Every structure is written in C-alpha cells, then in structure tokens.
Amino acid sequence: MKDKTWIDWTVELQAIAQTGLHYSKDPYDIERFERIREISAEIISKQSELPIEIVKDLFCNEKGFQTPKLDTRAAIFMDNKILLVKENDTKTWSLPGGWVDINESIKSSTIKEVKEEAGLDVVPDRLIAIQDRNKHNKPQYAYGICKIFMICNVISGHFLPNLETSDSGYFSLNELPELSTEKNTYEQIKMCFTAYHDDSWVVKFD
C-alpha cells in the first residue's frame, strides 16, 4: 500500500486482540483473539519486511489493555548549545533518553538514561512537551509512543563511551550534526531551544 492506512488498521487489530485476550474467559474467544493478533503481526511483517519473530517481540509482547509506550528525552544546555549523543548503531545523533522502564517514573528514567548515555548526573527541571510520536517522527511505528521532552540541569559527570553511545557534544541550532530523526527532528530540537529561552514557556502537548 502506498499510504500508511494499513498501520492504523494493524494497530487497531492488535489493540482489539490484546484487550480481548485480557478480558476473555471462553477458550474459543481466546483462540480467536490470538489469531487476530497473529494476523496483525503477519501484516506488519509483510509490509515492513521485518522477520515475523521480531514483529511479535516488538508488537505482540504485552498483556492487558494496550496503552502507548513512554519515551523521555533530556534537553541539556551549555553556552546556548544543546547536548547530543552519537548512537553506536546508526552513527547519528540524538538527545539522551529512552524508554521509561517498569518501576521507574518519567523523572527517574530521564536521570538514568542521561547517566547511561552521556555520563552526566542531572536534575530534570522543566517539562517542555508531550508529543504523539507518530505525528512528529518518521517512520511511523505500529504502536503508540508518547515522547516527553524535559530541560535538565547538570550536577556532575563526564562522558565515557558505552554500549549505546560513542561520543557526545554540545551543538548550536545552526550546526546540528546528522540527527537520528526517528528519535528527534530539527523541529523538536528547535522547540527545546525556544523553551530554554522562554521562562514563561507553556507545555506543548498533542
């Protein structure tokens, strides 16, 4: 399909199947919902050319009522430049951050991710935005993600190469390196600059 309507269809099928599996008691209904989930994974695999095992791991690995995943990103500034880290796998650059883990809050996950990826101890200070990822980043994912951007202040620390990142640096808005656009776009980083300079910034949300 030329458009991305099939993604919306498969997301809805997966959500219906996951909810049905959570609430159903009848073994025949459970079997039907399991098949709906399999079909949704097969569609994603076919259209994306990803192996079915990977799709099932990413797309069909949760229980209960389906909700969006949370992704937090830290905006850290020094001398009117923003901190970016270079990812080992793509060699592109992003704001330090990642998934909000089980038993972690948005705040504690932000602190943890910055420490792991940038080697810095930080204090999250201000919320910039909460965005629906599929409205701002490409490619579109077959599951919902809420992206949370926060301004953070550095307490201490320094960068060391690690499993996720190979370098870090501060960049002005007009000298950004090649970005990992599936995680952060130019527009999102520009938004962080604007929020940093605006003491009366109003949180943006979709």
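In this predicted model, helix α1 meets helix α2 through Trp-6, Thr-10, Leu-13, Gln-14, Ile-16, Ala-17, Gln-18, Gly-20 and Leu-21, which face Ile-30, Phe-33, Glu-34, Ile-36, Arg-37, Ser-40, Ile-43, Ile-44 and Gln-47 on the α2 side. The residues of this contact divide into ten nonpolar, six polar and two charged.

Two packed helices are described by the angle between their axes and the distance between the axes. Helix α1 covers residues 5-23 and helix α2 covers residues 27-48, and their axes come within 8 Å while crossing at roughly 155°. Since angles over 145 degrees count as roughly antiparallel, α1 and α2 are therefore roughly antiparallel to each other, and α1 passes α2 in a left-handed crossing.

Helix α2 also holds Ser-45, a residue that is buried, with a relative accessible area of 14%. When its neighbours within four places in sequence are left aside, Ser-45 is in contact with Leu-50, Pro-51, Ile-52 and Val-55.

The chain contains five helices and eight strands, which follow one another along the sequence in the pattern α-α-α-β-β-β-β-α-β-β-β-α-β. Some values for the chain are collected here.

| Property of the chain | Value |
|---|---|
| Span of the C-alpha trace along its principal axes | about 60 × 35 × 35 Å |
| Buried share of the 206 residues | 39% |

Among contacts in the chain with a separation of 6 or more, 67% are accounted for by residues 24 or more positions apart.

Note on methods. Residues numbered from 1 in each chain as written. Predicted model: local features only at pLDDT ≥ 70, side-chain atom pairs only at ≥ 80, totals over all residues. Heavy atoms only, no water. Axes fitted to C-alpha atoms, helices over the stretch in contact; angles between N-to-C directions. Helix = DSSP H or I, 4+ residues; strand = E, 2+ residues; numbered from the N terminus. Parallel < 35°, antiparallel > 145°, perpendicular 65-115°, else oblique. Left-handed = near helix turned anticlockwise from the far one by under 90°. Contact = heavy atoms within 4.5 Å. Nonpolar A, V, L, I, M, F, W, Y, C, P; charged D, E, K, R; others polar. Buried < 20%, exposed > 50% of the residue type's maximum accessible area, 1.4 Å probe, protein only.
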